[in-house]
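Dear colleague,

Please find below the structure that I am handing over to you, followed by a short account of what was found in it.

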Amino acid sequence: MQLFETLLNGLLLGGLYGLIGLGLSINFGTMRVVHLAHGDLIVLSAYFLVAVLVPAGIPPLAAAALVVPVLFGVGWALQRFVVGKSLGRGVLPPLIVTFGISMVLQNVLLLVATADARTLQSPLASAGVRLGSITVATVRLVDFAVGLACLGGLLLLLGRTALGRALRATSDDRDTARLMGIDPRRMYAVAAAIAAATGGVAGVLFSVTSTFYPSTGSELLLVAFEVVVVGGLGSLTGTFVGGILLAMAQLVGARLFGPSYQLVTGHVVVLLVLLFRPQGLLPRVAP
Amino acid sequence: MTLAAPPDPQRGTRLGSRLGGRLRAAIMAGGVVVLASCPAWGGAGIRDTLILFAYNAALAQMWNLLAGYAGLVTFGQQLFVGLGGYTLAVGCERLGLGVWPSFALAAVIAGLVAVPVGALTFRLKGGYFAVGSWLFAEIFRLLFGTWNFVGNASGMYIRPARTVDPWVSYYVAVGLLIAMVVLVVGTLRSRVGLALMAIRDAEDAAAGLGVNVWRVKLLAFVVAAAGTGLVAALITVHNPYIQPNAEFSIEWAASASFMVVVGGLGTVEGPLAGAVVYVVLQQWLGASGAVHLIVLGAVSVIVMLVAPRGIAGVLADHLGWTLFPVARRPPRR
């Protein structure tokens, strides 16, 4: 029963991890860029909510709804004016540029908001829901539900809309897409904006679920990376499943070896995946 | 797979620089004489600044060997910084091996660990390789932070290292830097270097011409790890306190990539020029403040977008100046 409870908690936390991984996956899927500042965008939105909007007296739900479009704009602008200018010259330039953005964001947060731990005080954080003989934290249920809703929304957007078709076309063959009248730079900016918006949602959820510091961005980048490696590159559903598996592994590790081994257990599982199944558990199958 | 021996790569190509051979030799000899005679003209302050320059430039050389020549962009060299530092600390503080034997051992340990780490992370490509190597450093940081033998997260002092004369550290630092420049130039002018640059420029084409891509990359990775471990051991001799969060910190990757990008990726002069800029900034903005890191990040981004070839690249492009020519040019007809 205890194991079941741990696995259930892992499944629910996995919804948030999957959401964190989705942003990295969208960026990589459309423009083959590993966006090293993605974790910092998540933490930036958490600070924006907790340190700016809520103290300004905006009700938490409305504030949360405001974070997402703002992050959409931030993601769009970063891509259009900074990251986009580094594309097309090999692997190194976008890595250096996104890593530089990460350093700037992290240390500006450190200067402005100090290194103190923050979290969003909310009734959600302490409430629980009884399921038979076990109690589940309400916030974890919300994490999972919102994460799953984001995955569903993205799959619909990519699969069923004209914009989604254009994004997929750009990803598959940039030059042919251009011949069809699609502007790849615009598509890249839209993709980066969508990725940042998922980061905004993740930041809101994370601020309620956990405490965070300016340096949490690096941890979240590694979480996103691990989620993508476990799930397999190139499929959003795979990424989401990867998030669930990673969270389960972490919580089982914490239960078996103690809380200080939660992250290490997750890391070791990722190494095992790399060793035995480097393509990930649910890679995109070639058509 | 080996093909028939390829023609001597030296034949039919020349290593070009608009600076004449004698002038280059004079500049290099001058640099070495200035560094070697430091006790005659500099005090402790200048000595410590030059040590800072030498070990940062040496770390940047190793990062450049990977990112600039082997096409392996990594944010995980802090793994080998930590291993080198801890090898020195454990060797002389816990095992009583003495400072310099432990120092030499640091290269061996870092090089040995690099083999499995490289074998696993090479399964990831491009940006995911960069983050994968960072993940390894993170795993070691967490493990060393819970390991009682090395003092957990609070770290350990290395008392035997405090008896080392700082001038000895100085000469070792300068010697290491010179040795690494010689090693990198020598490697790049050899067939291995040609293979490395071929992999960087077109991996599939290099494989098609019979280069064993995986083995050449692993060789570069192991050499860079051993070199990084050695430099880190020296840093620990000079500054004998060690702690996992600082040793395995991502800031090592930040400083190394900054120096190489600003100085000039894929050039031997680049890391040297980048280290000068880095040390000047550090003296000016303070050792490890947030402002320092903001400036490093912002300058890296701006240089990458505005002058991606860095200081050395700009000099080579506009004036044809290269101090250590390793690029090959087709023969003139």
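Chain A contains 12 helices and two strands. Please note that this is a predicted model. Read along the sequence, the elements of chain A follow the order α-α-α-α-α-β-β-α-α-α-α-α-α-α.

As to overall dimensions, the C-alpha trace of chain A spans about 60 × 50 × 35 Å along its principal axes. A compact globule of 287 residues would have a radius of gyration near 19 Å, and chain A, with 19 Å, therefore agrees with that expectation. Of its 287 residues, 52% count as buried. Among the contacts in chain A between residues at least 6 apart in sequence, 75% join residues at least 24 apart.

I turn next to the interface between the chains. Here 33 residues of chain A are in contact with 32 residues of chain B. On the chain B side, the elements that contribute two or more residues are helix H6 (126-145), helix H12 (251-263) and helix H14 (290-306). By class, this side has 24 nonpolar, six polar and two charged residues.

The axes of helix H12 (residues 262-276) of chain A and H6(B) come within 10 Å and cross at roughly 145°, and the crossing is left-handed. H12(A) contributes Leu263(A), Val264(A), His267(A) and Val270(A) to the contact, while H6(B) contributes Leu135(B), Glu138(B), Ile139(B), Leu142(B) and Leu143(B). By class, the contact of these two helices has seven nonpolar, one polar and one charged residues.

With kind regards

Notes:
Residues are numbered from 1 along each chain as its sequence is written. Chains are lettered from A and ligands numbered from 1 in the order in which they are written. This is a predicted model: local features need pLDDT of at least 70, side-chain atom pairs count only at pLDDT 80 or more; totals for chains, interfaces and linings use all residues. Two residues are in contact if their C-beta atoms, placed from the backbone, lie within 7 Å. Helices (H or I, at least four residues) and strands (E, at least two) are DSSP runs, numbered from the N terminus. Ala, Val, Leu, Ile, Met, Phe, Trp, Tyr, Cys and Pro count as nonpolar, Asp, Glu, Lys and Arg as charged, and the others, Gly among them, as polar. Axes are lines fitted to C-alpha atoms, for helices over the stretch in contact, and angles run from 0 to 180 degrees between N-to-C directions. A crossing is left-handed if the near helix is turned anticlockwise from the far one by less than a right angle, and right-handed if clockwise. The radius of gyration is taken over C-alpha atoms; the globule rule is 2.2 Å times the number of residues to the power 0.38. A residue is buried if 20 or more other C-beta atoms lie within 10 Å of its own, exposed if 12 or fewer, and partly exposed in between; C-beta atoms are placed from the backbone.
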